[in-house]
Amino acid sequence: MNSLLNVETSGSDSPPSGPPCRRRRRCWSGVICVLALLVASALWPSAAFAQQPESKAAGSTAGEAETRVGEVEVENPPAAPVLVGGEPAIWIVTGVGPYTPEFRAERISERIRTIIRDRSIQDLKISIVETGGSSELRIGQRLVMSVTRGDSAVVGIPRSRIAQAYARDLENAIRSERGRYEPATLVRSSVYALLSTLALVGVLWLIGRFTRGLRSRIGRSSWLDSLRLQKLQIVTPERLMRTASQLILVFRVLATILVLDIYLTYVLGLFPWTRAASLQLFDYLLAPLSVAGTAFLSYLPKLLFVLFIALVIYLAIRLVAVFFSAIQSGRLVFPDFPPEWADPTNKIARLLLIAFGVVVAFPYLPASGSPAFTGVSVFMGVLISLASSSSLSNMIAGLVLTYTGAFRLGDRVQIGETYGDILKTSMLATRIRTIKNEEVTIPNSIVLNSAVINFSRKGKTPGLILHTSVTIGYDAPWRKIHELLIRAATETDGILSEPKPFVWQTALNDFYVTYEINAHTDRPQQINDIYAVLHSKIQDSFFEAGVEIMSPHYTSLRDGNTVAIPEQYRGPGYRPGGFQVDSRPSKAE
């Protein structure tokens, strides 16, 4: 509890003065000097106030009272100050009957304001009049307040001694406040306000000049270009200059606010009508900082625990990353854990560790138990759950695709109607570059629900089997066709000699036979190129052997027509046959 007695002192100090500051070359020196002048002006008692004899310490009586008040536990309602000129003069620690201490303090403050404004009252000496059960403090015939037995009981000292201490403090405060309304004091206060305004303009000009000079000096500094590691530019000079300009702007704004607050506190405190407001200006500036500082200090033990949890989780993440990095690089091998699983598993483990750390640290977060925090958390959870349904399905599909090993980076695959190489995989989507150099992004949920054909998985072991079909008439010997197809395959670049190519007769149709050549390759990324070369080799092989590649649906109608093979492959002296007309009568005739 604040002390019972709050002695108001007002000395006869002269207006703040001092030797003039010498001119400095650097702007910041002038800024510091003028700021010091304003701070000193705000803290020193102004000569505009009426001169009063300096109050001594409350003496043995006041000291004893303060000691005993400190030992008394004040019950609700709390003590209330009696304000004189916006400053507490005394404290009312107990109520009277139905009146609370706050009500009593307001009534006493109002009586004092009336006495101060009443210029007909010249003698401001407070007398103590003992009545039945109370001590009345009066100025002339005007009642200022009464000290009751309740006040004495709460404080624990005699009523008369409390009344004497109250009378002395109130009289000093009233005389000081009355002196502030004197014409000579108001004139001096106006002069001080004008000088302070000129000082304010000068300080603001110095702050502006200092910040502009600092920004210009930083812009001309060579260290902006030196923040590089070999050929790597760590931070660009433009970004550094922009950051420095923003910091200088913040400094300028804060310095301006501080100077204006000091100026207003001092100037408003010079005049009695605005003195009460001036006493609160600095509190307005410091109150948020004080509240934040107090909250931070009270939260500091929990903050240390949160930081400890964060450190443990960070170290665990680093250890897990080193473990899976060793698996991915092949330095650590597990038979049933392929290296391509290392990166996604590391991400999952990191996510689980972070979630575990958040769960453990949540009770120690600021306002974690407040209804507002709980409401916001529930709202965000619902919002995320509604917005991430498709994303969650894609993430689960990504995990399934990863651990089923459907494909790897660089594999040649066909997913639905998309054919190309796997460019990138993530938890949400798979990116494919087609043979036409198109980049296609497919959500993982669609990939999981589609058939995935992987052409690269066996390409490096027994080899991928390429196959293509031709249809030849029954008049061509099938062994000859097998020989031609196998020769064409063995002459094709990209086809493996072992295992050897082989031919299947896949169908015996009405007019022709379907032959399928099968050959192995270890170049799955060149499938289309190999097919193109293979088809050209088949054509060359058949043309050289004089075998037509066509389905002989119209063989019976082609008498007299030229064979459908290139001219250079036709035999020497080739002539198309003529139409055959059989004029012999049939046996039936």
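Begin with an open sheet of three strands, ordered β13-β15-β14 and paired in antiparallel fashion. Strands pair here if DSSP finds at least two bridges between them; helices (H or I, at least four residues) and strands (E, at least two) are DSSP runs, numbered from the N terminus. The model is predicted, so local features need pLDDT of at least 70 and side-chain atom pairs count only at pLDDT 80 or more, while totals for chains, interfaces and linings use all residues. Residues are numbered from 1 along each chain as its sequence is written, and side-chain values use heavy atoms, with hydrogens and water left out.

**The sheet and its helices**

Select 464-473 for β13 and 502-508 for β14: these are the edge strands, each pairing on one side only. From one strand to the next, the twist averages 25°. Angles run from 0 to 180 degrees between N-to-C directions, with axes fitted to C-alpha atoms (for helices, over the stretch in contact).

Within β15, E516 stands opposite S469.

Now show residues 478-490. This is helix α13, which lies across β13, β14 and β15 and runs at about 30° to β15. Helix α14 (residues 527-545) also packs on the sheet, where it touches β13 and β15 (contact means heavy atoms within 4.5 Å), and its direction makes about 30° with that of β13.

**A hairpin**

Move to β10 (residues 429-434) and β11 (residues 439-443), antiparallel strands joined by five bridges. R431 stands opposite T441 in β11. Four residues lie between the strands of this hairpin, and N437 takes a positive phi near 65°.

**Aromatic pairs**

Rings of Phe, Tyr and Trp (its six-membered ring) pair if their centres lie within 6.5 Å; planes under 30 degrees apart count as stacked, over 60 as edge-to-face and the rest as tilted. By this rule there are 10 aromatic pairs. Select F210 and F251: their ring centres are 6.0 Å apart and their planes stand at 70°, so this pair is edge-to-face. F210 belongs to helix α6 (residues 183-219) and F251 to helix α7 (residues 237-269), 41 residues apart. F251 is partly exposed, at 41% relative accessibility (buried means under 20% relative accessible area, exposed over 50%, partly exposed in between, with a 1.4 Å probe and protein chains only).

Finally, select F324 and F337, a tilted pair with 6.3 Å from centre to centre and 35° between the planes. F324 lies in helix α8 (residues 275-329) and F337 in the loop between α8 and α9 (342-361). F324 is buried, at 11% relative accessibility.
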